Amino acid sequence: NRLNLLPDASRILLTLFFLSLGYYLYNVFHLGADVKIIAICVVLLFGAYLGLMTVVKGSGRRMSVIVIGPGESGKTVLAGCIYAHIVFTRRISGISEKPIMLSLGGVDMALHDIYLLLKSGDWPPITGPTEARFFKLRAKKRWITPVSIELVDFGGTVHFDAIHKHLDPESYNKLVEEIGKELKETLEEDIPEEVIGTLDFMQWIKSKWEEENGFVGDLREKIIRAYICRSIMEAEKLIFLIDGKQVRDFRDNSQTETQLTKNCEVYRDIMNHYKGKKKYRLVITKTDEMDDLIKKRFYKNRRNVEGKVVEKWLLREISREISTFKEITSIGETVDAKLYAICLETFKDDGENLRPLRFEGGITLWNYDDFIRGIL
Ligand SMILES: Nc1nc2c(ncn2[C@@H]2O[C@H](COP(=O)(O)OP(=O)(O)OP(=O)(O)O)[C@@H](O)[C@H]2O)c(=O)[nH]1
Ligand SMILES: [Mg+2]
């Protein structure tokens, strides 16, 4: 990654600079300078070194994040929330770059369109099987360090179950091979297989799609699937969504229990596949739907419940009954994984400040800032 070159070089230069300063101090000490002064100098020097290293660390870093979730789990809503948060908060200042829409024949929706819909109280339309969106956002971590975040959103209903089956190189290559063959037949284009699934390829295929007025069959879905799989392979952080409505209902509805278990199975497989090579963020969405459940558990004792407490409780509750979720938590102990519980309400509350919302009854769920910091 060329973007990492600059911070790396700066780090090496900084280290060399401070090492030579240290050597100089050492010599001065030998010449018989005051020990106290030397000690103060060493402490200051070390402090400055650590400070500068933190600033340099990760500057210009590219952070690719993919939000994975079944249909209606809240991927598109979350993309809109992340966008609004990055644009409006002063804590993480940033701008968004022009999104790249990959819908092959579907609706093109920019992040600000999604944001405006949410703000006016509507929900975004479901993301279709031939749609995928690629967003690039620039933000600042700890007010200073610039990071570039790449977000991918896709239609979960069709692709979710299928993706983890294509993550091992063999079946992914097979998928790519099929696409290559079909492209040759329909467009008479010879596409090198290693290009398929990349963003450049997607942009090219999109222009081709518009030019040629579409191509037939399930090729479009396959192309989107390859793009999703490749995005997962290349992503640094995987965000797994768990539908809060399922968490609310699974105890009383065996179908929901089965569904939730299957969804978590996909995450478990992905985690088993990549282990410590990636970072994982498990996100329970729609927590406002669990309001009654949360109130029943916490309201009696406390007027104000912190998000962290609710998250811990949810972790325990789901682990107790959903076997695959339990498996996820035990894999999570050995890799970088965190759980968050979120809902759109936290973001709608007072518009542009995006403060955590107080639910009726005084339950404060989680804090959006924490979450965004957690996924950056
Ligand atoms: N109550 C509540 N409902 C939510 C929240 N977020 C999403 N929803 C509901 O869930 C639906 C689906 O949300 P989306 O963000 O479109 O889900 P998705 O994962 O993008 O779904 P696909 O595009 O079909 O894969 C919305 O239309 C809402 O009805 C939330 O925070 N609270
Ligand atoms: Mg969607």
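Biologist: Hi! Leaving aside neighbours within four places in sequence, which residues is Phe250 in contact with?

Modeller: Hello! Bear in mind that this is a predicted model. Setting aside neighbours within four places in sequence, Phe250 is in contact with Thr256, Glu257, Leu260, Glu317, Ile318, Glu321 and Ile322.

Biologist: Where is the place of Phe250?

Modeller: Phe250 sits in the loop between helix 9 (244-249) and helix 10 (254-274).

Biologist: And is Phe250 buried or exposed?

Modeller: Buried: the relative accessible area of Phe250 is 1%. As for spacing, Phe250 and Thr261 are 11 residues apart along the chain, and their C-alpha atoms are separated by 9.6 Å.

Biologist: Thanks. Let's zoom out. How many helices and strands are there in the protein chain?

Modeller: The protein chain has 15 helices and eight strands. It has 376 residues, of which 48% count as buried.

Biologist: What share of the contacts with a separation of 6 or more comes from residues 24 or more positions apart?

Modeller: That share is 76% for the protein chain.

Biologist: Good to know. Which residues have the most contacts inside the largest nonpolar core?

Modeller: They are Ile66, Ile68, Ile232, Leu238, Phe240, Ile242 and Ile284, in a core of 89 residues. Take Leu238: not counting residues up to four places away in sequence, Leu238 touches Ile66, Ile68, Ile232, Ile270, Tyr274, Lys278, Lys279, Tyr280 and Arg281.

Biologist: On to helix packing. At what angle do helix 7 and helix 8 pack?

Modeller: Helix 7 (residues 199-212) and helix 8 (residues 219-234) pack at about 160°, and their axes are 10 Å apart. Angles over 145 degrees count as roughly antiparallel, so helix 7 and helix 8 are roughly antiparallel to each other.

Biologist: Is the crossing of helix 7 and helix 8 left-handed or right-handed?

Modeller: The crossing of helix 7 and helix 8 is left-handed.

Biologist: Which residues of helix 7 and helix 8 meet there?

Modeller: From helix 7 there are Leu199, Phe201, Met202, Ile205 and Trp209, and they meet Arg220, Ile223, Ile224 and Tyr227 of helix 8. By class, this contact of helix 7 with helix 8 has eight nonpolar, no polar and one charged residues.

Biologist: What about helix 3 and helix 4, at what angle do they pack?

Modeller: For helix 3 (residues 75-88) and helix 4 (residues 111-119) the angle is about 100°, with the axes 8 Å apart. Helix 3 and helix 4 are therefore roughly perpendicular to each other. Helix 3 brings Thr76, Val77, Ala79, Gly80, Cys81, Tyr83, Ala84 and Phe88 to the contact, and helix 4 brings Leu111, His112, Ile114, Tyr115 and Leu118. By class, the contact of helix 3 with helix 4 has 10 nonpolar, three polar and no charged residues.

Biologist: Back to helix 8 for a moment. Is Arg225 buried or exposed?

Modeller: Arg225, which lies in helix 8, is buried, with a relative accessible area of 16%. Not counting residues up to four places away in sequence, Arg225 touches Val158, His159, Ala162, His166 and Leu175. Arg225 and Phe154 are 71 residues apart in sequence, and 9.1 Å apart in space from C-alpha to C-alpha.

Biologist: And where is the place of Ser103?

Modeller: Ser103 is in the loop between strand 3 (100-101) and helix 4, and counts as buried at 3% relative accessibility. Leaving aside neighbours within four places in sequence, Ser103 is in contact with Asp108, Thr130, Glu131, Ala132 and Lys206. C-alpha to C-alpha, Ser103 and Ile224 are 8.7 Å apart in space, and 121 residues apart in sequence.

Biologist: Last topic, backbone angles. What is the phi of Glu72?

Modeller: Glu72 has a positive phi of about 65° although it is not a glycine. Most residues other than glycine have a negative phi. Glu72 is in the loop between strand 1 (61-68) and helix 3, and Glu72 is exposed, with a relative accessible area of 62%.

Biologist: And what is phi of Lys286 near?

Modeller: Phi of Lys286 is near 55°, a positive value in a residue other than glycine. Lys286 lies in the loop between strand 7 (279-284) and helix 11 (291-298). At 19% relative accessibility, Lys286 counts as buried, because the cut-off for buried is under 20%.

Conventions
Residues are numbered from 1 along each chain as its sequence is written. Chains are lettered from A and ligands numbered from 1 in the order in which they are written. This is a predicted model: local features need pLDDT of at least 70, side-chain atom pairs count only at pLDDT 80 or more; totals for chains, interfaces and linings use all residues. Side-chain values use heavy atoms; hydrogens and water are left out. Axes are lines fitted to C-alpha atoms, for helices over the stretch in contact, and angles run from 0 to 180 degrees between N-to-C directions. Helices (H or I, at least four residues) and strands (E, at least two) are DSSP runs, numbered from the N terminus. Angles under 35 degrees count as roughly parallel, over 145 as roughly antiparallel, 65 to 115 as roughly perpendicular and the rest as oblique. A crossing is left-handed if the near helix is turned anticlockwise from the far one by less than a right angle, and right-handed if clockwise. Contact means heavy atoms within 4.5 Å. Ala, Val, Leu, Ile, Met, Phe, Trp, Tyr, Cys and Pro count as nonpolar, Asp, Glu, Lys and Arg as charged, and the others, Gly among them, as polar. A nonpolar core is a set of buried Ala, Val, Leu, Ile, Met, Phe, Trp, Tyr and Cys residues joined through side-chain atoms within 4.5 Å. Buried means under 20% relative accessible area, exposed over 50%, partly exposed in between (1.4 Å probe, protein chains only).
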